[in-house]
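Look at the sequence and the model together before reading on. The paragraphs below go from one residue to the parts around it.

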Amino acid sequence: MTHYILAGGADRRTEGYGQRLADTVKQWTKSPIRILSCQFSKPEEEWEEGLMNWTPWFQQYFGHDTIVELARPQELIDQIKRADV
């Protein structure tokens, strides 16, 4: 089952946020965790850079085997079906 988490870019600045988020998600699913990263609030030419910036953060808290996929409008429905978060 895919779980939806609405988070803003400044959330990660809250002390302990990454670990609390990871601990919560790990209750729902097993490794490797598949995260669908939506960068839609940015111009499309910045999506890849956003993914590259966020992937190390996700892997730090969720585990190095975490799979982070960039959401793309034309594939979104299938991507949601594959994702855990």
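Leaving aside its neighbours within four places in sequence, with which residues is Gly18 in contact? The contacts of Gly18 are Trp57 and Tyr61, once neighbours within four places in sequence are left aside. This comes from a predicted model, as does everything that follows. Gly18 sits in helix α1. With a relative accessibility of 3%, Gly18 counts as buried. Along the chain, Gly18 and Phe58 are 40 residues apart, yet their C-alpha atoms are separated by 8.0 Å.

How far can the model be trusted? The average pLDDT of the protein chain is 90, and 96% of the residues score at least 70. Among the elements, α1 has the lowest mean pLDDT, at 90. Strand β2, residues 67–70, has the highest, at 97.

Next comes the helix that holds Gly18. The twelve residues of α1 should span 16 Å at 1.5 Å a residue, and the C-alpha atoms at its ends are 17 Å apart, which agrees. The buried residues in α1 are Tyr17, Gly18, Leu21, Ala22 and Val25. Around the axis they cover an arc of only 120 degrees, so they are on the same side of α1. Part of what covers these buried residues is α2. Gln27 also lies in helix α1. Its relative accessible area is 66%, over the 50% cut-off, so Gln27 is exposed. From Gln27 to Glu48 there are 21 residues in sequence and 29 Å in space, C-alpha to C-alpha.

A pair of aromatic rings is described by the distance of the centres and the angle of the planes. The structure holds seven aromatic pairs. In one of them, the ring centres of Tyr17 and Trp57 are 6.1 Å apart and the planes meet at 25 degrees, so the pair is stacked. The angle matters here because planes under 30 degrees apart count as stacked. Tyr17 belongs to helix α1 (residues 17–28) and Trp57 to helix α2 (residues 47–62), so this pair ties together parts that are 40 residues apart in sequence. Tyr17 has a relative accessible area of 16% and is buried. Trp57, at 12% relative accessibility, counts as buried too. A tilted pair is formed by Phe40 and Trp47, with 5.2 Å from centre to centre and 50 degrees between the planes. Phe40 counts as partly exposed at 35% relative accessibility, whereas Trp47 counts as buried at 7%. One aromatic cluster is made up of Tyr17, Trp54, Trp57, Phe58, Tyr61 and Phe62.

In soluble globular proteins, nonpolar side chains tend to be buried together. The largest nonpolar core here has 15 residues, and those that touch the most other members are Leu21, Val25, Ile33, Ile35, Trp57, Phe58 and Phe62. Two or more residues of this core come from each of α1, α2 and β2. The largest share, six residues, is given by α2. For Val25, the contacts beyond its neighbours within four places in sequence are Ile5, Ile33, Phe62 and Val85.

Two residues in loops complete the tour. Where is Pro32 placed? Pro32 is in the loop between α1 and β1. The peptide bond that joins Ser31 and Pro32 is cis, with omega at about -5 degrees. Further along, the loop between β1 (34–37) and α2 holds Gln39. Is Gln39 buried or exposed? Gln39 counts as buried, since its relative accessibility is 4%, and the cut-off for buried is under 20%. Leaving aside neighbours within four places in sequence, Gln39 is in contact with Trp47, Gly50, Leu51, Trp54 and Leu70.

Conventions: Residues are numbered from 1 along each chain as its sequence is written. This is a predicted model: local features need pLDDT of at least 70, side-chain atom pairs count only at pLDDT 80 or more; totals for chains, interfaces and linings use all residues. Side-chain values use heavy atoms; hydrogens and water are left out. Rings of Phe, Tyr and Trp (its six-membered ring) pair if their centres lie within 6.5 Å; planes under 30 degrees apart count as stacked, over 60 as edge-to-face and the rest as tilted. Helices (H or I, at least four residues) and strands (E, at least two) are DSSP runs, numbered from the N terminus. Buried means under 20% relative accessible area, exposed over 50%, partly exposed in between (1.4 Å probe, protein chains only). pLDDT is the predictor's confidence in each residue, from 0 to 100. A nonpolar core is a set of buried Ala, Val, Leu, Ile, Met, Phe, Trp, Tyr and Cys residues joined through side-chain atoms within 4.5 Å. Contact means heavy atoms within 4.5 Å. The expected span of a helix is 1.5 Å times one less than its number of residues. The arc is that of the directions from the helix axis to the C-beta atoms.
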